Amino acid sequence: MLWICAMGCAREVMYKDPSTYKRIIDDRSLFLYFNEKWIPSVRTQYLDLNTIETIRIKKDEYGNKAAFVYIPQQEYDSLISLTERYTKDIWIDNDPQCSFPGGQVEMLRWIKKNIRIPKNFSGKRRIIMSFNILPNGKIEDITVLKGIDNPYVEKEAIRLIKSMPRWEVKYCTPKRHPVRYNLPITFESPKKIQR
């Protein structure tokens with residue numbers, strides 16, 4: 001017998017068909033907890049669906065939508081053992097993934113469209129900026145990592161980053177934290193039209 005309580009429900013809803021679990025586990029928007037613990041890189045294909053006692057869909061301690069799966073201790077120990085065996089010699093990247101809306105190409109287009117080259121600037125120079133991307137995609141703590149000897153360029157780079165739209169952030173772990181991002185920006189004076 002499988003019990004599922006969806007977020008916001010007044011009572012628990014009972015499902016007798018364990019195949020409902022498959023739909024829940026395949027939902028990539030949920031973090032999966034087994035017996036109240038989040039297991040990095042869990043190998044769910046080793047889980048016997050018939051051993052599930054209860055599934056609750058609710059928010060975890062970090063505010064993420066999560067599926068809390070309750071299974072017998074023996075099944076839990078087996079799941080941990082198989083997951084450890086599978087991941088023993090593999091490096092798994094659980095770092096958050098941050099991207100500008102539309103990706104790298106769209107970010108370069110956006111910068112080219114929105115950059116304001118200071119009037120007193122000539123030539124072609126690169127400045128490297130550093131900033132935090134918050135879990136909600138907002139940008140904060142903007143600093144110049146590698147500047148040039150032109151304070152107007154640095155000021156424009158800060159203005160440009162402050163005006164960026166929210167970034168897309170995907171977390172692979174339940175705990176969310178700001179992500180530090182370094183971005184090179186090239187300043188180039190407009191080319192004069194030759195006659």
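This is a predicted model: local features need pLDDT of at least 70, side-chain atom pairs count only at pLDDT 80 or more; totals for chains, interfaces and linings use all residues.
How many residues does helix 2 have, and what does it reach from its first C-alpha to its last? Helix 2 runs over residues 73-87, has 15 residues and reaches 21 Å, close to the 21 Å expected at 1.5 Å a residue.

Staying with helix 2, the buried residues are Glu75, Tyr76, Leu79, Ile80, Thr83 and Thr87. They lie on the same side of helix 2, because they cover an arc of only 140° around the axis. On the other side of helix 2, Gln74, Glu84 and Arg85 are exposed. And the cover over the buried residues of helix 2? That cover includes strand 3, residues 31-34, and strand 4, residues 37-38.

Now the chain as a whole. The protein chain contains 4 helices and 11 strands. It has 195 residues, of which 36% count as buried. Among contacts with a separation of 6 or more, 70% come from residues 24 or more positions apart.

A word on confidence. The mean pLDDT of the protein chain is 82, and 84% of its residues reach 70 or more. Over residues 1-16, pLDDT stays under 50; for that stretch the model has 38 contacts beyond four places in sequence.

Next, the hairpin. Strand 5, residues 54-59, and strand 6, residues 65-70, run antiparallel and are joined by 6 bridges. Arg56 stands opposite Phe68 in strand 6. The two strands form a hairpin with 5 residues between them, and in the turn Gly63 has a positive phi of about 90°.

Which order do its 3 strands take? The order is 9-8-11, and the pairing is antiparallel. Strand 9, residues 139-146, and strand 11, residues 179-188, are the edge strands, each pairing on one side only. On average, neighbouring strands of this sheet are turned by 30° against each other, direction ignored. Helix 4, residues 151-162, packs on the sheet and touches strand 8, strand 9 and strand 11; its direction makes about 40° with that of strand 8.

Within this sheet, strand 8 and strand 11 pair in the antiparallel sense over 10 bridges. Phe131 stands opposite Tyr181 in strand 11.

Is Arg126 buried or exposed? Arg126 counts as exposed, because its relative accessibility is 53% and the cut-off for exposed is over 50%. Not counting residues up to four places away in sequence, Arg126 touches Ile148, Pro184, Ile185 and Thr186. Lys146 is 20 residues from Arg126 along the chain, and their C-alpha atoms are separated by 8.6 Å.

Last, helix 3, residues 104-114. Its buried residues are Met107, Trp110 and Ile111. These cover an arc of only 100° around the axis, which puts them on the same side of helix 3. What do the buried residues of helix 3 pack against? They pack against helix 4 and strand 11. On the other side of helix 3, the exposed residues are Val105, Leu108, Arg109, Lys112 and Lys113.

To close on the part to read with care: residues 1-16, where pLDDT stays under 50.

Definitions and conventions. Residues are numbered from 1 along each chain as its sequence is written. Side-chain values use heavy atoms; hydrogens and water are left out. The expected span of a helix is 1.5 Å times one less than its number of residues. Buried means under 20% relative accessible area, exposed over 50%, partly exposed in between (1.4 Å probe, protein chains only). The arc is that of the directions from the helix axis to the C-beta atoms. Contact means heavy atoms within 4.5 Å. pLDDT is the predictor's confidence in each residue, from 0 to 100. Two strands pair if DSSP finds at least two bridges between them. Axes are lines fitted to C-alpha atoms, for helices over the stretch in contact, and angles run from 0 to 180 degrees between N-to-C directions.
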